Amino acid sequence: MTVLRLSGLSKSFGAKQALRQVDLSLEEGEVLALLGPTGAGKTTTLRCIAGLEKPDRGSVHLDNRDVTATSPRERDVAVVFEGFNLLPTLSVFDNIAFPLRSPVYRRPEDEVRREVVQAAATLRIGHLLDRRIEQLSGGEKQRVAIARALVRRPRVYLLDEPLSALDLKLRESLQGEIKAMYQATGATVIYASHDYPSAAAIATRMALIEGGRILQCATIGEIIADPRHASVGRLVGSPSMAQFPAQGTGQGVEIDGLPMRLPGPGEAGGRLLVGIWPEDIELTTRPTDGYAEGRVWATDFRGRDKAIEVRVGSQRFRKVVELDLQAQQGDPIWFRLPPGRVFHFDAATGERIDHGPTRRAA
Amino acid sequence: MRQAIPAGRTAAHAVPRAISDRTICGLFMAPALAILLLMVAYPFISLLYYSTLNFSILNPAKGSEFIGLQNYTRLLSRESVWERFVFTGQFVLATVVVQFCVGVAVAYAFQRNFKGRDLLFTIAMLPMMLCPIVVGFLWRYMFNSEWGVVNYLVTLLGFGKIDWLGVPGNALWAVVIADAWMWTPFVILLATAAFRGIPTDINEAAEIDGASPFFRFTRVTLPMSMPILLIAFLLRLIDAFKQSDLFFAMTGGGPGSDTETVAFRLGKIAFSHFYTGQASAFAVIMLVIIIGLSLIFVRLLTQQGRQD
């Protein structure tokens with residue numbers, strides 16, 4: 001069942017077009033990550049869904065009911081904001097209980113107590129209920145904010161970068177808690193983030209947004225198999241897609257500054273971007289026919305493996321390799337882009353210009 | 001590193017030790033302290049001193065006789081003095097309540113965005129900038145029972161003319177209206193500042209969580225602006241307690257001395273009768289009351305601060 005549907009949502013603030021024709025739909029129990037860089041329109045999308053912002057055009061449907069013109073109170077969505085929106089005048093308990101004491105969602109006080117205690121237990125803040133908000137650490141505040149959303153069991157949870165202010169360790173443990181929360185309650189969630197790993201850890205589907213436009217909305221497997229836009233490649237993956245400016249020759253594609261000719265679309269002289277997931281790039285430490293020579297510019301040790309950055313002229317890419325790969329900083333290295341694994345994008349618009357999936361989902 | 005410092009420098013460094021940090025501190029504070037002593041401590045101590053004398057500034061030749069606390073006992077045993085306190089209390093209560101109800105409501109209305117809001121806000125601030133005596137005479141003419149605009153409106157509504165300033169009960173309310181007209185803008189100003197200081201996030205979150213505008217006002221807006229509203233309340237309370245100009249201009253304290261506030265009576269004792277000693281004692285009593293009120297509020301404020 002479709003819980004939430006956005007159609008043709010557009011919104012501008014003065015001269016700035018924040019959303020352009022956003023279409024999205026969300027099934028019951030689904031967790032959708034809204035992934036995009038800062039200023040892409042993630043927050044505006046969420047605010048339109050919550051009713052805090054009125055779209056210039058388009059509509060918001062909740063449970064097949066058009067709520068575009070209704071107030072936030074009548075929508076039954078909960079938002080966890082990026083900043084902490086807790087009331088400093090109230091205790092942790094009263095903050096979590098706030099929605100259940102409001103005119104719209106009022107419940108009997110004994111039920112409120114039960115729900116608050118349960119939500120606090122889910123987020124492991126049961127021991128903090130009597131504290132004042134300013135006595136809490138950032139991570140604790142964020143848990144309280146999530147508990148406050150959880151306690152009401154709304155139709156849709158809107159999480160706006162709820163973890164970006166926290167340190168890595170806390171973020172990972174809260175990711176687990178958010179996941180446990182929606183698995184336990186079957187909640188429908190939109191999780192807005194600019195961070196691919198945390199979005200990938202939480203979401204069942206991803207919508208990639210940039211410049212107020214949804215570039216692609218699909219499962220992670222589908223996105224990897226068939227990225228629709230160069231920006232999708234830049235947003236997805238860790239490290240993200242390697243992209244090389246290139247030129248069409250009529251018979252194939254020549255990557256700028258590399259002795260590499262690849263089969264591909266594009267008329268002679270047409271500018272394009274050749275993209276490939278770093279996992280598909282083949283490396284060797286010895287000169288080999290059909291491989292291009294580059295230089296290891298940087299290496300990051302990540303414990304079990306390492307990420308290397310390879311540069312050739314103005315071209316560069318990052319790739320995770322085994323620790324035992326003999327490639328130190330400054331060493332030459334040879335690489336190859338297997339033809340079937342390469343995507344082609346228009347250099348000006350970023351749109352894909354070869355058609356159909358070139359590779360099945362990994 | 002130590003050795004690297006030239007000998008001259010270490011020596012120069014050693015010289016200021018002759019004057020300790022405390023002394024330097026004292027030297028820097030001395031001018032401010034001197035001004036404070038001269039402007040605050042000296043008058044206060046002399047006030048305390050005069051309050052124990054039977055002394056009139058008009059007749060210094062008659063000398064001043066030390067009479068201990070007799071000025072105080074004489075004042076406090078006089079029923080007319082207690083009546084002034086009761087009257088002042090009624091006035092303070094009425095005017096502060098009116099100012100806060102109207103001021104907070106208007107400030108809340110000003111939170112909404114509408115055309116001409118800033119202009120309207122500026123106009124609303126004007127009464128506060130006027131001279132109290134001018135405001136007093138203005139309202140005195142408006143409340144004039146024969147040709148004042150207030151009674152004109154009253155008759156338009158079909159009622160008989162009201163003797164606003166000639167009857168003590170009416171006069172109290174007439175001055176309350178004038179005082180509230182003049183000082184509600186102050187409450188609007190501070191309440192607006194308090195309301196604007198509340199992050200919009202918090203209100204938006206409350207709205208999403210099902211809070212109606214009234215619920216948000218009582219559960220979010222008011223508690224979060226309480227520290228500033230408390231300060232505004234204290235300032236208005238003290239100011240209302242000291243009110244005398246409006247009564248001077250509007251009723252002259254009359255009929256009889258039925259609309260004299262404490263401050264008004266103090267002015268009369270000091271500068272009409274020139275009973276300097278007794279006036280000093282009266283001023284000390286007022287001061288004690290004001291300090292007492294302030295202490296209560298400082299307590300409340302620090303408690304609030306500890307909670308938040």
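## Exercises on a two-chain model

Strand S7 (residues 156–160) of chain A is mostly covered, with 5 of its 5 residues buried. The model is predicted.

**Exercise 1.** Find which residues of S7(A) lie on each of its two faces, and say whether they are buried or exposed.

*Solution.* Start with the general rule. In a regular strand, side chains alternate between the two faces of the sheet. Now apply it. Val156(A), Leu158(A) and Asp160(A) sit on one side of S7(A). Tyr157(A) and Leu159(A) sit on the other. Each of these residues is buried, and both faces of S7(A) are covered.

**Exercise 2.** Work out how S7(A) is joined to S6(A) and to S8(A).

*Solution.* Take S6(A) to begin with. It pairs with S7(A) in the parallel sense, over 4 bridges. Val80(A) stands opposite Leu159(A) of S7(A). Next, take strand S8 (residues 188–193) of chain A. S7(A) and S8(A) run parallel and are joined by 5 bridges. Here Asp160(A) has Ala192(A) of S8(A) as its bridge partner.

**Exercise 3.** Describe the side of chain A that touches chain B.

*Solution.* Count the residues. 21 residues of chain A are in contact with 17 residues of chain B. Then look for elements. Strand S6 (77–80) and helix H2 (92–101) of chain A each give two or more residues to this side of chain A. S6(A) gives the largest share, 3 residues. Finally, sort by class. The side of chain A that touches chain B has 14 nonpolar, 4 polar and 3 charged residues.

**Exercise 4.** Determine how helix H4 of chain B lies against helix H8 of chain B.

*Solution.* Two packed helices are described by the angle and the distance between their axes. The axes of H4(B) and H8 (residues 168–196) of chain B come within 6 Å and cross at roughly 40°. The crossing is right-handed. Their contact has 18 nonpolar, 6 polar and 1 charged residues.

**Exercise 5.** Repeat the analysis for H4(B) and H10(B), and name residues that meet.

*Solution.* The axes of H4 (residues 79–109) and H10 (residues 213–241) of chain B come within 10 Å and cross at roughly 145°. H4(B) passes H10(B) in a right-handed crossing. On the H4(B) side, the residues include Phe91(B), Val92(B) and Tyr108(B). On the H10(B) side, they include Phe217(B), Arg236(B) and Phe241(B). By class, this contact between H4(B) and H10(B) divides into 10 nonpolar, 3 polar and 1 charged.

Conventions. Residues numbered from 1 in each chain as written. Chains lettered and ligands numbered in written order. Predicted model: local features only at pLDDT ≥ 70, side-chain atom pairs only at ≥ 80, totals over all residues. Axes fitted to C-alpha atoms, helices over the stretch in contact; angles between N-to-C directions. Left-handed = near helix turned anticlockwise from the far one by under 90°. Contact = placed C-beta atoms within 7 Å. Nonpolar A, V, L, I, M, F, W, Y, C, P; charged D, E, K, R; others polar. Buried ≥ 20, exposed ≤ 12 C-beta atoms within 10 Å, placed from the backbone. Pairing = 2+ DSSP bridges.
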